[in-house]
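Please read the following note with the structure open beside it. It is written for a reader who is new to describing protein folds.

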Amino acid sequence: MLSSKPTVSTHVLPGDPPVEVVLRRNRRAKRFSLRVSRTDGRVSLSLPAWAPEAEALAFLHDRADWVRHHLDRAPAPQLARIGASIPVCGVLRPVIEGAGRTARFADGTIHVPAGPREGPRLRALLTALARERLSRAVAVHAQSLGRVPGRLTLRDPRSRWGSCSARGDLMFSWRLIMAPPAVLDYVAAHEVAHLAEMNHSPAFWSLCRRLCPETDAHRRWLRAQGPALLAWNFDTEREDQAPC
């Protein structure tokens with residue numbers, strides 16, 4: 001049986017600056033599909049297995065202006081490090097050098113020991129804060145529905161803020177701690193609502209709005225501001241300490 005896994009290659013769209021485009025050839029694809037990620041600015045073009053590459057590249061070049069327009073709208077990458085100001089609960093908090101081996105939050109400021117592990121240490125701090133806030137929000141909403149949630153896990157997905165499995169296990173993005181508290185609470189309410197309605201039917205949205213009356217406003221906030229949260233890089237070493 002022929003594999004349906006995509007084959008991947010790259011193409012550089014000329015211009016100032018040149019843009020690298022990932023070409024994904026997939027047997028399940030029926031047409032060309034061009035995408036610019038709102039989180040990291042990566043450009044990809046999916047094409048059917050039977051399509052000539054020259055035809056795909058012509059499709060891409062015809063839409064070069066569209067690609068650059070969307071790249072201009074993508075948030076600039078942000079490096080989590082000493083000297084930056086990182087949003088915590090929707091408020092920018094300065095990051096300064098601190099003592100010890102871990103990052104900590106005190107007096108409205110984030111303290112982190114200097115070195116190549118600044119980013120991961122900051123991520124660990126935000127993850128711990130997110131777990132505390134989300135656990136509390138889930139408990140409140142689950143009690144309101146008379147439901148018992150399963151395991152709560154935190155991850156760093158790029159295309160969703162949370163999910164609920166058929167077993168009732170809940171997954172959330174730890175980056176929600178960077179959003180305003182009401183937005184984090186909405187995502188908790190959204191996933192808890194799935195414990196009763198495992199769908200996105202009118203009944204689900206009615207339940208979600210009962211748990212969180214400002215559901216629609218918070219959804220708009222995530223669509224508009226979510227990419228900026230995803231643009232923060234907590235993995236890269238400090239530029240002045242990176243290897244040549």
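1. Overall composition. The model under review is predicted. The protein contains 6 helices and 13 strands. Along its principal axes, the C-alpha trace spans about 55 × 50 × 35 Å. Of the 244 residues in the protein, 43% are buried. Among contacts between residues at least 6 apart in sequence, 49% join residues at least 24 apart.

2. Helix 4 against helix 5. Two packed helices are described by the angle between their axes and the distance between the axes. For helix 4 (residues 181-193) and helix 5 (residues 202-211), the axes come within 9 Å and cross at roughly 140 degrees. Angles over 145 degrees count as roughly antiparallel and those from 65 to 115 as roughly perpendicular, so helix 4 is described as oblique to helix 5. The crossing of these two helices is right-handed.

3. Residues at that contact. Which residues of helix 4 meet helix 5? They are Tyr186, Ala189, His190 and Ala193, and their partners in helix 5 are Phe204, Trp205, Leu207, Cys208 and Leu211. Sorted by class, the contact of helix 4 with helix 5 has 8 nonpolar residues, 1 polar residue and no charged residues.

4. The two sides of helix 5. Phe204, Trp205, Leu207, Cys208 and Leu211 of helix 5 are buried. Viewed down the axis of helix 5, the buried residues fall within an arc of 160 degrees, so they line one face of the helix. The buried residues of helix 5 pack against helix 3 (118-145), helix 4 and helix 6 (215-230). On the face turned away from the buried side, helix 5 carries the exposed residues Pro202 and Arg210.

5. Helix 4 against helix 6. How are helix 4 and helix 6 placed, and at what angle do they pack? Their axes are 10 Å apart and the angle is about 110 degrees, which means that helix 4 is roughly perpendicular to helix 6. Helix 4 contributes Ala182, Val183, Tyr186 and Val187, while helix 6 contributes Thr215, His218, Arg219, Trp221 and Leu222. By class, the contact of helix 4 with helix 6 has 6 nonpolar, 2 polar and 1 charged residues.

6. A cis peptide bond. Aspartate 16 and proline 17 are joined by a cis peptide bond, with omega at about 0 degrees. Proline 17 lies in the loop between strand 1 (7-13) and strand 2 (19-26).

7. Positive phi values. Cysteine 89 is a residue other than glycine with a positive phi, near 55 degrees. Its place is the loop between strand 6 (85-88) and strand 7 (91-97). Is cysteine 89 buried or exposed? Its relative accessibility is 18%, so cysteine 89 counts as buried. For aspartate 107, phi is also positive and near 55 degrees. Aspartate 107 lies in the loop between strand 8 (104-106) and strand 9 (109-112), and is exposed, with a relative accessible area of 81%.

8. Valine 148. This residue is found in the loop between helix 3 and strand 10 (152-155). Because its relative accessibility is 76%, valine 148 counts as exposed. The C-alpha atoms of valine 148 and aspartate 169 are separated by 9.8 Å, and the two residues are 21 residues apart along the chain.

Technical notes. Residues are numbered from 1 along each chain as its sequence is written. This is a predicted model: local features need pLDDT of at least 70, side-chain atom pairs count only at pLDDT 80 or more; totals for chains, interfaces and linings use all residues. Side-chain values use heavy atoms; hydrogens and water are left out. Axes are lines fitted to C-alpha atoms, for helices over the stretch in contact, and angles run from 0 to 180 degrees between N-to-C directions. Helices (H or I, at least four residues) and strands (E, at least two) are DSSP runs, numbered from the N terminus. Angles under 35 degrees count as roughly parallel, over 145 as roughly antiparallel, 65 to 115 as roughly perpendicular and the rest as oblique. A crossing is left-handed if the near helix is turned anticlockwise from the far one by less than a right angle, and right-handed if clockwise. Contact means heavy atoms within 4.5 Å. Ala, Val, Leu, Ile, Met, Phe, Trp, Tyr, Cys and Pro count as nonpolar, Asp, Glu, Lys and Arg as charged, and the others, Gly among them, as polar. Buried means under 20% relative accessible area, exposed over 50%, partly exposed in between (1.4 Å probe, protein chains only). The arc is that of the directions from the helix axis to the C-beta atoms.
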